[in-house]
Amino acid sequence: MSDRNIGRVQELAQKYYARQDATGWFEELYSLAEGDIGAIPWAKLTVNPHLADWLEQNRIKGQGRTALVIGCGLGDDAEALANFDFEVTAFDVSHSAIAWCNRRFPNSSVNYLRDDLLQPQVLVGKKFDFVLEAYTIQALPADIRIQAIANIPRFLAPDGKLLVICRGREIDEPANELPYPLTKTELAYFEELGLQQVSFEECGDSQVRRFRIVYTK
């Protein structure tokens, strides 16, 4: 994000945080964009490179297995998984983001739907062989993240895999503005919830530190 975009998104998010609404700002951001990609700071209209790299390195083949994309945004990661032969469901808290996905990919095999990671309704009880969480948790304030993390393993089928991609930081480093980098201590909560860490990589660059972690259930 540019400094200008960071400031605009931070201001919008803080407005909703003050109302005790941690996610309502996503809908306002997408709806006010009115189809302007430039208004969505993280929209690149391409698959997350850290997902693409992982899929290629590990020679992943969906072969009809089910996959879930959390906080799908404009759908590029979901489409990438569909191209690897997964049966993909993708959700976002924003109605406008989901409508945008359906306009971008009218013939897609992906099932795009609106749901809330903090209080899922449509997806309650659904289990998936593969779950992708990329950059959603880091968009939530600290007091809400544990609730989000706690809900994610519930989507995993037995022996399913969870791939988490996020910005990273040390516990003594500040995280005062969006996107909030996560610490290894916060991510360790996945293991407290019963998941097993399969791999941990740092995949960022000199400017942005990123973690890429695989868990299994």
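Biologist: Which residue forms a salt bridge with Arg209?

Modeller: First, a caution: this is a predicted model. To find a salt bridge, look for a side-chain nitrogen of Lys or Arg within 4 Å of a carboxyl oxygen of Asp or Glu. For Arg209, the partner is Glu202. Their closest N and O atoms are 2.7 Å apart. Arg209 is partly exposed, at 25% relative accessibility. Glu202 is partly exposed too, with a relative accessible area of 45%.

Biologist: To how many salt bridges does the count come by this rule?

Modeller: The count comes to seven salt bridges. One of them joins the side chains of Asp53 and Arg212, at 3.1 Å from N to O. Asp53 belongs to helix 3, residues 49-57, and Arg212 to strand 7, residues 210-216, so this pair ties together parts 159 residues apart in sequence.

Biologist: Does each count as buried, partly exposed or exposed: Asp53, Glu201 and Arg212?

Modeller: Read the relative accessible area: under 20% is buried, over 50% is exposed. Arg212 has 3% relative accessibility and counts as buried. Asp53, at 32%, counts as partly exposed. Glu201, at 25%, is also partly exposed.

Biologist: How many residues of strand 7 are buried?

Modeller: Seven of its seven residues are buried, so strand 7 is largely enclosed by the rest of the structure.

Biologist: Which residues point one way from strand 7, and which the other way?

Modeller: In a regular strand, side chains alternate between the two faces of the sheet. From strand 7, Arg210, Arg212, Val214 and Thr216 point one way. Phe211, Ile213 and Tyr215 point the other way. Both sets are buried.

Biologist: In what order do the seven strands form the open sheet?

Modeller: The order is 3-2-1-4-5-7-6, and the pairing is mixed. The edge strands are strand 3, residues 111-114, and strand 6, each pairing on one side only. Neighbouring strands of this sheet are turned by 15 degrees against each other on average, direction ignored.

Biologist: How many bridges join strand 5 to strand 7?

Modeller: Seven bridges join strand 5, residues 156-167, to strand 7, and the two run antiparallel. As a landmark, Val164 stands opposite Ile213 in strand 7. Strand 6 pairs with strand 7 in the antiparallel sense as well, over six bridges. There, Ser199 stands opposite Val214.

Biologist: In which sense do strand 4 and strand 5 pair, parallel or antiparallel?

Modeller: Strand 4, residues 128-134, and strand 5 pair in the parallel sense, over six bridges. Ala134 has Ile165 in strand 5 as its bridge partner.

Biologist: Which strands does helix 3 lie across?

Modeller: Helix 3 lies across strand 4, strand 5, strand 6 and strand 7. Helix 3 runs at about 50 degrees to strand 7. Now take helix 5, residues 95-104. Helix 5 lies across strand 2, residues 87-92, and strand 3, running at about 160 degrees to strand 3.

Biologist: Which residues are buried in helix 5?

Modeller: Ser96, Ala97, Ile98, Trp100 and Cys101 are buried. Their cover includes helix 2, residues 24-33, along with strand 2 and strand 3. Check the helix end too. Ser94 caps the N-terminal end of helix 5, with a side-chain oxygen 3.3 Å from the backbone nitrogen of Ser96.

Biologist: Which nearest side chain of opposite charge does Arg169 have?

Modeller: That side chain is Glu186, 4.3 Å away. The salt-bridge cut-off is 4 Å. Arg169 is buried yet has no salt bridge. Arg169 is found in the loop between strand 5 and helix 7, residues 184-187.

Biologist: Which backbone oxygen does the side chain of Arg169 reach?

Modeller: The side chain of Arg169 reaches the backbone oxygen of Pro181, at 3.0 Å. Arg169 also touches other residues, including Pro174, Leu182, Arg209 and Phe211.

Note on methods
Residues numbered from 1 in each chain as written. Predicted model: local features only at pLDDT ≥ 70, side-chain atom pairs only at ≥ 80, totals over all residues. Heavy atoms only, no water. Helix = DSSP H or I, 4+ residues; strand = E, 2+ residues; numbered from the N terminus. Buried < 20%, exposed > 50% of the residue type's maximum accessible area, 1.4 Å probe, protein only. Pairing = 2+ DSSP bridges. Axes fitted to C-alpha atoms, helices over the stretch in contact; angles between N-to-C directions. Contact = heavy atoms within 4.5 Å. Polar contact = N/O pair within 3.5 Å; in protein donor to acceptor, adjacent residues only side chain to side chain. Lys, Arg positive; Asp, Glu negative; His and termini not counted. Lists of a residue's contacts leave out its neighbours within four places in sequence.
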